[in-house]
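Good morning, and thank you for coming.

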Amino acid sequence: MKDGWNPWHGCHKISPGCAHCYVYRMDARHEKDSAVVTKNADFDLPLRHRRDGTYRLPAGSVIPTCFTSDFFLEDADPWRPDAWRIIRERQDAHFFIITKRIHRLPECLPPDWGDGYENVTIYCTVENQDRADFRLPLYAAAPIRHKGLILEPLLESIDLTPYLGGNWLTEVSVGGESGNEARPCHYDWVLSIRQQCMDAGVAFAFRQTGARFVKDGKLYRIPRRLQHAQARKANLDYIP
Ligand code: SF4
């Protein structure tokens, strides 16, 4: 990802959504073991400058962070305090962190976190009802300034209604699974979640169909290059 920051690489599968993890798929092409977690050489990338003295990740950037791992992975516990220090130093940029390990948040926060850093959004991702029921109560209560929920890969219909009230969530986004072994995503599930969001006044976005999409009982194979466009075509996004 062009403007992202990847302080460490590698991860461990922890839930059904990880089954066909893209990090493992990419690494497999180079016979690399994704379960070996390593600190990257450009760990301090957000603090690096160009020759003209400006930051390599410019002021005003939105920086996808830790996208070939999980920011709250246990293996990264020794490195995370330095990562927080870097994030704190770059108040002129906004860091997007996506995690399946929201349960680890309390033990991973820096001492001056308070109710969250203004320049950090932490997204929680869930894929089925079981993980929603485990992660969302923790996420709702977590001290984070900016929150968004990502349902990708969506593996079944999910009842989010117990969690959508209270104005704590800015957006729910939904998507299917990509890759040759992708599990199907059903249009009905997407519509149901959209309706739940509309009823609760929470923004909704349908990001991509995934590689196998079921609509009106028919399974469609969607090539990678069309998965985002097909979702856009469905015109389901909702802003309250
Ligand atoms: S948590 Fe994310 S990066 Fe880690 S194995 Fe699961 S899908 Fe892959």
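On the face of helix α5 turned away from its buried side, we find the exposed residues Q195 and D199. Please keep in mind that this is a predicted model.

Which residues of α5 are buried? They are V190, I193 and C197. These three cover an arc of only 70° around the axis, which puts them on the same side of α5.

What do the buried residues of α5 pack against? Their partners are the strands β6 (146–151), β7 (171–175) and β9 (203–208).

Let us turn to the length of the helix. Helix α5 comprises 14 residues, 187–200, and at 1.5 Å a residue it should span 20 Å; the C-alpha atoms at its ends are 20 Å apart, which agrees. Just after α5 comes G201, with a positive phi of about 70°.

I now move to a sheet. Three strands form an open sheet with mixed pairing, in the order β8-β10-β11. Its edge strands, β8 (185–186) and β11 (218–221), each pair on one side only. Strand β10, residues 212–215, runs antiparallel to β11, and 4 bridges join the two. Within this pair, F213 stands opposite Y220 of β11.

Finally, the ligand. Around it lie C11, K13, I14, C18, C21, V23, S69, D70 and K100. By class, this shell holds 5 nonpolar, 1 polar and 3 charged residues.

Note on methods: Residues are numbered from 1 along each chain as its sequence is written. This is a predicted model: local features need pLDDT of at least 70, side-chain atom pairs count only at pLDDT 80 or more; totals for chains, interfaces and linings use all residues. A residue is near a molecule or strand if its C-beta atom, placed from the backbone, lies within 6 Å of it. Ala, Val, Leu, Ile, Met, Phe, Trp, Tyr, Cys and Pro count as nonpolar, Asp, Glu, Lys and Arg as charged, and the others, Gly among them, as polar. Two strands pair if DSSP finds at least two bridges between them. The expected span of a helix is 1.5 Å times one less than its number of residues. A residue is buried if 20 or more other C-beta atoms lie within 10 Å of its own, exposed if 12 or fewer, and partly exposed in between; C-beta atoms are placed from the backbone. The arc is that of the directions from the helix axis to the C-beta atoms. Two residues are in contact if their C-beta atoms, placed from the backbone, lie within 7 Å.
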